[in-house]
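Subject: Structure handover

Hi,

Here is the structure I promised to pass on.

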Amino acid sequence: MSRPGFVLEVDDRTPPLVVHEGLGFRLESFPLGTRVVYPPESIPTVPDVEEAIREALLHPHDSEPLPALLRPGMRLTIAFDDLSLPLPTMRAPDIRGRIIEQVLTLAAEAGVDDVHLIAANALHRRMTAAELKHIVGERVFRSFYPQGQLYNFDAEDRDDLAHLGTTDKGEDVEISKRAAESDLLVYVNVNLVAMDGGHKSVGIGLASYRSLRHHHNAKTMVESRSFMDHKHSAMHHSAWRMGRLVKEHVKVFQIETTLNNDVFPRPFDFLQKREWEWSVKDQATMLGVRRGMSVAPLRMRHRMFHDLRSVYGLTGVNAGEVEAVHERTLQKVHQQHLVEVQGQSDVLVMGVPYLGPYNVNSSMNPILATCMGLGYYFNSYRGRPVVRKGGAVILYHPLNEGFNQLHHPSYVDFYEEVLAESTDPAVVGEKYEQQFAQDPWYIHLYRTSHAYHGVHPFYMWYWAAHAMDHVDEVIWVGADRRVAARLGFRAASTLADALEMASGTVGSSPSITYLHNPPHLLADVR
Amino acid sequence: MAERLSGRHVLLTGVTGFVGEALLHLLLSDVPGVRVTALVRPKGSTNAAGRTAALLGKPIFAPVVEAAGGVEALMAARVGVLEGDLADVPALPEGLDAVVHCAGDVSFDPPVDEGFRTNVLGTRDLVRRIQELDDPDRRIHYVHISTAYVAGRRRGSIPEGTVDHDVDLEAELAWGLAQRRQIEHQSRSAFVLERERRRAERAHSRAGMLTAASATEAARKEWVKRELVRVGTERARSLGWTDCYTFTKALGERVVEAHAATARVSIVRPSIIESALVTPHPGWIEGFKMAEPLILAYGRGELPEFPAAADTIVDIVPVDHVVAAVVAVLASPPEVGAPAYFHVSSGDRNPLTFRQLYDNVRAYFDEHPFAAGDRGAARLPDWRFPGAQSVERLLSTSERAHKVADYVVGRTPRSDRARELARKLDQQGRRLEFLRRYLDLYHEYAQAELRFSDAHTLALFESLSPEDRERFAFDTAVVDWAHYLREVHCPAVTAPVRRMDEARRARKRNADLGLRPLSGAGVSTGSTTTGSAVAAFFDMDGTLLSSNVIETYLWLRLREQSGSERVTELGRVAARLPGLVRAERRERSAFLRAVYREYAGARLADLEAVADAHLTDHVLARLSPDAVRRIREHRAAGHHTVLITGAIRPLTRPLAPLFDHVEAAELAVDDRGVCTGYLAASPLVGESRAAWMRQYAADQGLDLGSSYGYADSHSDLPLLEAVGRPVAVRPDVPLFRHARRHRWTIVDWASSTSTTRTLNPAGDLS
């Protein structure tokens with residue numbers, strides 16, 4: 001059976017450990033005494049996926065079974081998570097497609113013929129036809145896409161937005177009009193990490209800027225401790241308030257899925273094994289991969305990594321009322337990700353991998369890398385941050401991938417113009433967010449091309465706000481110095497140099513913790 | 001001597017020149033009794049008196065001016081001004097005692113007609129005016145400043161006497177003056193024009209025929225200039241002179257000698273005049289003379305060798321010796337009919353060899369190197385004096401290598417490396433040109449194994465009283481060359497260059513590289529105010545995005561085809577590629593037409609659908625972020641933004657929101673909506689862009705002079721020239737050169753080199 005996660009203390013028998021850094025990884029020898037947090041191994045999966053889905057649809061939590069909610073002549077909308085989940089992309093068939101097929105079968109049996117499928121991409125980029133097809137599957141795609149009943153949500157289409165009112169805290173709730181005016185809204189999610197799902201699905205995935213700005217800002221993010229723990233996350237509190245308001249207007253049937261930790265397919269599976277347990281074959285593969293990558297041009301490495309498709313196993317599928325479902329979902333997520341860590345340390349080390357939610361089939365630009373390290377990974381804690389207040393964070397990433405002009409046009413300008421002026425999330429938000437959010441050119445690109453919304457880079461920067469507020473020093477190992485400086489950070493060539501640089505903040509023999517992810521983990525800091 | 005000259009009235013020509021100025025200074029400060037009238041040519045809006053006053057305002061005249069109580073007082077008392085030109089000498093004032101003629105063309109390679117006009121005709125007119133005044137009781141003493149090198153290509157010792165030759169003065173003069181007319185005529189012949197036009201069209205036809213035409217005309221004028229120099233030099237050499245300068249100077253002496261039969265005439269022949277030894281102050285020099293460019297080039301490490309023998313004599317005299325000798329000559333007029341000749345030279349009694357010159361100059365630069373560059377002191381070449389022939393070989397080999405490299409660079413695809421190479425090559429080319437010009441020019445002088453006897457001059461010097469010898473020193477034997485070169489001449493010559501380098505360095509430090517932000521534009525907001533007078537014109541392919549018409553063609557057409565069709569199509573286009581590249585070099589519009597021909601048979605509606613569905617990504621992914629930011633900056637500043645492209649309309653659609661107007665090519669269709677393969681109108685390339693822009697600007701009320709243009713290739717030259725603020729974006733080599741020459745802004749808008757633009761999660765897109 002699977003072993004739980006654990007905390008390794010580096011001693012003289014510990015081999016060099018894998019640290020991800022963009023389109024590659026390195027083997028790093030950590031100082032003696034460094035704590036290394038390993039995620040649990042993959043937990044058991046459901047024996048039969050189709051059966052599990054059917055079971056969930058027919059026996060939902062706090063809700064009538066799905067067939068009972070379906071009737072002829074109704075308006076049914078199925079919304080689903082976009083390509084930012086899971087990471088890496090799941091090998092076909094995607095779990096969302098399998099669920100949607102079953103939902104559609106039930107709907108057809110019930111005689112429902114007004115069905116729309118909407119990708120809940122909020123301000124993310126529009127997915128291409130191929131990307132949509134990958135998520136919903138060939139059959140669904142063929143039946144709905146040409147008719148225009150399968151499409152990306154457009155948060156700037158004023159005619160297709162409905163303002164449902166404001167929460168008791170005065171937050172606007174504005175979501176897709178089609179979804180809001182449906183008789184039933186089925187949401188199909190992939191709950192990869194603890195922050196996903198719940199009221200965040202509809203309340204954020206189908207919302208417009210007008211609604212999102214209430215919780216996607218620097219202040220809220222600093223107060224989300226952490227956003228991987230919805231009970232202590234100001235962002236989630238806001239989303240929950242909005243979700244409850246949505247519930248008053250439209251019946252939401254939430255279907256949440258949880259996955260195991262099989263992130264790396266063969267032959268890269270050695271990356272999710274513990275280094276001292278590598279077989280001869282694993283070591284040979286590792287050597288071969290490293291040698292290959294050292295000579296391969298960036299473009300080829302990019303292709304190699306981005307062509308990876310994960311062979312996730314389904315650990316659970318729950319359907320029904322949002323909050324009841326989400327509670328069960330979180331149980332599974334925690335079972336897969338949670339690792340108990342005793343106390344904070346002075347230094348937190350993290351390797352930023354090649355992929356984050358916003359660079360699927362794209363490039364990990366410096367802003368996304370920051371968001372990935374200081375946003376997602378830093379916030380992978382429950383209770384207290386892994387690093388103490390005023391400590392140091394050391395990240396690994398070369399910051400050399402540049403920007404994808406098609407997907408991230410506003411990022412380039414954010415980097416060149418906004419960050420050049422200030423890197424303080426509160427300051428840049430105050431001064432520039434409106435301007436970027438309302439820029440007609442960015443809106444044009446978001447609506448017609450495949451660009452993230454103009455305001456999106458600000459959100460990435462807010463994601464990192466809590467970390468920037470919490471620690472005193474951020475050092476990137478192996479990064480382009482000029483880029484790091486533009487981001488407001490420093491760069492070091494080795495871990496030893498980085499620790500040397502951090503010694504002013506944390507002393508010359510700091511306690512160090514290395515979060516050994518991916519695969520995903522959630523540090524439960526006591 | 002001052003007493004002998006006291007009360008005399010002397011007319012000076014050429015006071016605005018180096019020798020004339022020194023002479024005026026010496027007369028004013030050390031010969032108090034003499035009165036001077038200067039023959040000065042008005043220049044521009046400044047009249048002769050104004051120029052003279054400006055001259056007297058120079059620092060060296062400060063003591064005399066102060067003693068006289070101001071420039072006006074000095075001019076009223078001692079310096080008269082006669083406004084006039086040697087081309088048309090005015091009547092001379094009454095009561096003249098002497099005339100010193102220092103004016104003349106001092107360049108070694110004047111166009112032949114100018115050489116004759118100033119050195120022969122000017123002298124003859126002046127002499128005629130003197131003859132008008134001359135009367136037997138009061139003979140005017142005419143002092144003619146010539147050059148020692150009138151001896152031409154003779155060898156050995158040259159006496160102070162008439163140069164022996166029997167050239168027909170009148171015939172040569174008539175020939176020389178007629179040359180300009182004749183060569184101008186000749187330059188318009190089909191023979192010359194055709195060659196120049198072909199060359200210009202090869203280089204500029206992509207930009208358009210008018211651009212090529214103006215380049216042809218410029219080349220013709222250049223040819224006339226070169227030819228005038230060439231025929232002069234050839235004629236001079238055929239008669240035994242080094243160049244047109246010495247030839248016309250020698251003929252000028254003949255004019256003077258004819259006058260000498262009935263008048264008092266002295267001829268002073270200085271050799272190479274350089275900076276002052278003592279007066280007005282050590283190292284005083286005006287402008288660059290003969291040796292300075294070479295000294296400076298050597299100091300910069302750019303003169304690798306010199307085509308002289310180590311033991312050849314360089315005959316240099318300080319300018320104060322020359323003018324002191326002239327004053328002494330003035331004070332001792334010769335008899336009528338017996339012209340006196342004086343060599344003011346150093347080679348006979350105090351010879352300076354090239355080897356010594358080199359050693360001293362090198363020693364100077366070793367001690368005081370040019371260090372203004374950002375790479376420390378220049379490396380000084382070691383001269384081994386290998387002889388003229390091997391220097392010539394070295395130079396012509398370098399020239400050939402440069403030519404080959406230039407050809408290659410001109411045809412390399414654009415890249416930062418090609419531009420950097422072109423920049424270096426151009427620098428090298430300028431150096432080679434400099435070397436070629438000066439080595440050709442000085443070759444003769446470096447070979448001249450002449451010893452100018454200065455016995456007369458020495459005798460004149462020795463006849464002076466000891467005080468005069470002190471005050472009017474012109475015994476060149478006293479010059480200590482090591483001291484003169486290292487302490488006096490080189491510091492004086494390099495000082496202005498050092499100042500200039502310093503200024504340039506300061507400028508460079510403060511220089512704002514790249515684009516200046518537009519006024520009134522912060523972070524772009526995209527808001528537009530219409531009706532503004534300023535516009536920004538953008539070229540598309542290569543400037544805004546890294547794509548070209550062939551690539552987009554393939555993107556469009558391959559979409560509709562199956563696998564095997566694609567391979568065939570790719571192969572067919574690949575086979576056509578060399579021809580297309582040739583067409584592109586020749587003429588942009590022919591190239592576009594050839595490519596658009598390929599669209600024949602496609603349904604326009606299909607093309608547009610494909611363009612909308614897929615090419616949007618293709619275009620946007622290749623878009624340069626800097627370009628977009630700049631366009632948006634223009635819009636935020638309220639400028640009118642215009643896209644001009646030879647690409648077809650559907651391709652511009654993704655960019656349309658950025659522009660107030662998009663001018664693109666339209667494919668012609670037949671009544672079934674099928675493309676004919678022709679364009680609805682001529683493609684807008686080269687000069688037709690400029691014409692269109694002028695028309696458009698007139699219609700919209702735009703001010704082209706304060707408008708911006710952005711383009712990347714030589715064929716866009718008319719577009720850039722039509723606006724007041726042109727910007728070259730990642731230019732190709734010819735445009736890069738043009739932009740550097742005209743100090744246009746050059747920017748490097750890198751297009752996204754994203755590795756991901758073709759990747760897709762689900763594999764193949766289609």
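Predicted model: local features only at pLDDT ≥ 70, side-chain atom pairs only at ≥ 80, totals over all residues.

**Chain A**

Starting with the overall make-up, chain A has 21 helices and 20 strands. Its radius of gyration comes out at 22 Å, close to the 24 Å that the globule rule gives for 526 residues, so chain A is as compact as a globular protein of that length. The C-alpha trace spans about 70 × 55 × 45 Å along the principal axes. Of the 526 residues, 57% count as buried. If you take the contacts in chain A with a separation of 6 or more, 79% of them are between residues 24 or more positions apart.

**Chain B: the domains**

Chain B also comes with a domain assignment: domain 1 (2-187 + 228-506) and domain 2 (535-747). Here the C-alpha centres lie 57 Å apart, and the contact takes eight residues from domain 1 of chain B and six residues from domain 2 of chain B. Helix 14 (388-411) and helix 15 (416-447) of chain B each supply at least two residues of the domain 1 side. Helix 15 of chain B has the largest share of that side, four residues. By type, the domain 1 side divides into three nonpolar, two polar and three charged residues.

**Chain B: a covered strand**

Seven of its seven residues are buried. B:Arg264, B:Ser266, B:Val268 and B:Pro270 point one way, while B:Val265, B:Ile267 and B:Arg269 point the other way. Strand 7 of chain B pairs in the parallel sense with strand 5 (residues 141-145) of chain B over five bridges, and also in the parallel sense with strand 10 (residues 340-344) of chain B, again over five bridges.

**Chain B: two helices**

Which residues of helix 21 (residues 588-596) of chain B are buried? They are B:Arg588, B:Ser589, B:Phe591, B:Leu592, B:Val595 and B:Tyr596. Looking down the axis of helix 21 of chain B, these buried residues fall within an arc of 155°, so they line one face of the helix.

Last one: B:Cys490, which sits in helix 18 (residues 481-510) of chain B. Is B:Cys490 buried or exposed? B:Cys490 counts as buried because it has 24 C-beta neighbours inside 10 Å, against a cut-off of 20 or more. Setting aside neighbours within four places in sequence, B:Cys490 is in contact with B:Ile295, B:Val361, B:Tyr364 and B:Leu485. B:Arg117 is 373 residues from B:Cys490 along the chain, and their C-alpha atoms are separated by 34 Å.

Cheers

Technical notes:
Residues numbered from 1 in each chain as written. Chains lettered and ligands numbered in written order. Buried ≥ 20, exposed ≤ 12 C-beta atoms within 10 Å, placed from the backbone. Contact = placed C-beta atoms within 7 Å. Arc of directions from axis to C-beta. Domains from an automatic or database assignment. Nonpolar A, V, L, I, M, F, W, Y, C, P; charged D, E, K, R; others polar. Pairing = 2+ DSSP bridges. Rg over C-alpha atoms; globule rule 2.2 N^0.38 Å.
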